[in-house]
Amino acid sequence: MNKISSILSRSQDKQKRGRVLSFAIVIIAYIIIEIMLKTGSLSSLFSSLLVPVTCYVVAAIGLNLNVGISGELNLGQAGFMSVGAFCAVCVSGILAGTVTAGIPRLIISMICGAALAAFFGFLIGIPVLKLQGDYLAIVTLAFGQIIKSVFMNAYIGIDSEGLHYSFVDSSFKLQPGGKMLLNGPMGATGTAKIANFTVGIVLIIIALLIVYNLMFSRSGRAIMAARDNRIAAESVGIPISRTKMLAFVVSAALAGAAGALYGLNYSTLVPNKFDFNTSILILVYVVLGGLGNMTGTIISTVILILLPELLRSLQDYRMLIYAVVLILIMLVTNNEQLKSKWKSLTGRKAKGGASNG
Amino acid sequence: MKRLFKTSVAVAMTVCMAAALTACGGSGSQQASSGSAAIKIGGSGPLTGPAAVYGNAVKNAAEIAVEEINAKGGLQFELNMQDDAHDPEKAVTAYGVLKDDGMQVSLATVTSAPGAAVSPSYAEDKIFAITPSGSSPSVIYADADNMSGAYGNVFQMCFTDPNQGSASADYIAAHTDLGSKVAIIYKNDDNYSKGIHDTFVAEAAAKGVEVVTEQTFDDSNAQDFTVQLEKAKEAGADIVFLPIYYDPAAIILNQANKMGYAPTFFGVDGMDGILTLEGFDTSLAEGVYLLTPFSADATDELTVNFVNAYKEKCGGEVPNQFAADAYDCIYAIAQACEAAGVTADMSADAICEKLVEQFTTMTFSGLTGSEMKWNANGEVTKSPKAVVIKDGVYVGVED
């Protein structure tokens, strides 16, 4: 009995260390980048990447909760991002006259985006999470495609008479001074750019707090139990579909908030941006970072976004090299021998540290 | 152990491959470096991905123009064309790269949606930009819905989409011999196609042109148009307006021919290039009308020289309208720089001020039109030329 409790406490220590590490990485990175921004030593390239990187990190953390912790494959994370993004662009456009300060408007828009994405996640989850198997992957894949088509055909305009909308064509005429919030395939143009890096970092920290608190709570343990052995979990009275729903909805909400931040960082946003490829890209960040490993997800997202930009000097070959690097990472991180070597190295170090201390 | 060996061999080989390719990439670098005293022209476009045809056309033509101008002596230019994969997000990062590189003048972007994303940055940082082919009004106006809030330092070399749509409607209204009932087949997930369609419909209604049916398609079903053509035929359309690029247009012409449906097909500048499409029977394009600023078959000296230079550079490929616009952009920038006395050591800000003044007052004659002028909003005034395809070549239509 003693042995078991010591193993448990050791694994808890390890989890705690992982948690502290991911917060530390985010905060230290933020401080360094802010100092570089203030002194003007950050290049235009990197400063233009700051906000999108935070968006993708949050979306990937959300996806990792769903894929890594809950064990349900989701192929439509970009769909939830687009729901959040277009919702936020509309809300921000509607509020432009009343809430003039950027930050409150950004926060309200992000909350709306997250809420709408969570709502869609809830709707999808009701039938699908009652099923066993890969159905969530199939349905979220379809959801991503459907939501893209919906935004392709959505026309929303605002003028002095209020909101106008159509799902057929832009046949309504706006009063002079009116603004099209969504314009079908052209998406949203002329959006006020109110997103900033600090809000992105705060969003990452909130996402980490939510995910870690969920993971190490009673519900989190239930989610993992449902993943590891559905029958055993059911037999001890865990409501499977409800626990999976919790993870899925939180994941969708984080994607929505990330999408909202993304949408308000560019003056133009097209529905085509959030296609199947984007979903897969986020899944790649998660898989390379390690399922269930939030710190790894953050690092892999940052590296994989920076990589193609750093390889720009290779011109035509950069996407090829990018692919080669991806394959290399997969080979190296999945090599058992390397893993055990790494473990023995770090293990020895830890032991040495203990004897020293 | 065997597995470890295998993996390490695989890893080593990939590393070698990567290293070899890196070397190729390095030596294949195509920047037209010509000393330190060159004015740096930046620009981004889709050099990879499905829209790469347009980005590469612009890049190649701009390189030709830069080489020609540099060979003449006088002002020297250096081109840095970055890839944006037709994605607004990547266009913004490409803009960062260009700015870090010290860009002084810009070609903005090749396509519209990325253009709309970077134009505010050009306005904010006061860098002069002229887009060869970003035709949407959102590229030059902050508030495109009301055509107001022009950035002022972002100019266009091509016509804006609304301009093309209304010009097409006007042409059809003025030439009743072409037909009276118009069917439209357009691509509803494409900014360009949708933009032209919208203004065409509005202008057609104003001019009393009867639009009998509007059919759409998108990326996922751009292979089969029998349904749309059947609907157009049923509605009794004798003109089919195609505000689309030439690849789907070629399929439409082919399928209409098989159906035995022979209305007058009417295209816009995206149709340019259909005669050079591989595997396309050009006899199908007989009698197709299109509005285009550029035709590669023109016999004036400027066009002939450009087409030959382009063919030589790109292995026999015939330049399209995008290439011609890019070529004109570089020459227009060079003309304005010379007239304003711009030198390579001036700041982007100072160059911007001088070039805006030049562009709003000068006239420019190039491949895509003569006596072109720009207004203060950055729109170009040149009249689209209507041509009809006869015996496999463009023939100008007299008004």
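This is a predicted model: local features need pLDDT of at least 70, side-chain atom pairs count only at pLDDT 80 or more; totals for chains, interfaces and linings use all residues.
Between chain A and chain B the count is two salt bridges. Local features need pLDDT of at least 70 and side-chain atom pairs count only at pLDDT 80 or more, while totals for chains, interfaces and linings use all residues; side-chain values use heavy atoms, with hydrogens and water left out. Residues are numbered from 1 along each chain as its sequence is written, and chains are lettered from A and ligands numbered from 1 in the order in which they are written.

Nine residue pairs, both at pLDDT 80 or more, are in polar contact between chain A and chain B. A polar contact is a pair of N or O atoms within 3.5 Å; within protein, one must be able to donate a hydrogen and the other to accept it, and residues adjacent in sequence count only if both atoms are side-chain atoms. Helices (H or I, at least four residues) and strands (E, at least two) are DSSP runs, numbered from the N terminus.

Over all chains, the structure holds twelve salt bridges. One of them joins the side chains of A:K244 and A:E72 at 3.3 Å, N to O. A:K244 lies in helix α9 (residues 240-263) of chain A and A:E72 in the loop between α2 and α3 (77-95), so this pair ties together parts that are 172 residues apart in sequence. Both A:K244 and A:E72 are buried, where buried means under 20% relative accessible area, exposed over 50%, and partly exposed in between (1.4 Å probe, protein chains only).

Chain B has salt bridges of its own. The side chains of B:K59 and B:E63 meet at 3.8 Å, N to O; both residues lie in helix α2 (residues 52-71) of chain B, four residues apart, about one turn of the helix. B:K59 is buried at 10% relative accessibility, and B:E63 is buried at 7%. The side chains of B:K207 and B:D170 form a salt bridge at 2.8 Å, N to O. Because B:K207 lies in helix α6 (residues 191-207) and B:D170 in helix α5 (residues 161-174) of chain B, the pair ties together parts that are 37 residues apart in sequence.

Helix α8 (residues 246-259) of chain B holds B:Q255, which counts as buried at 14% relative accessibility. The side chain of B:Q255 makes a polar contact with that of B:D224 at 3.2 Å.

Finally, a word on confidence. Chain B has a mean pLDDT of 82, and 90% of its residues reach 70 or more; pLDDT is the predictor's confidence in each residue, from 0 to 100.

Terms used
A salt bridge is a side-chain nitrogen of Lys or Arg within 4 Å of a carboxyl oxygen of Asp or Glu.
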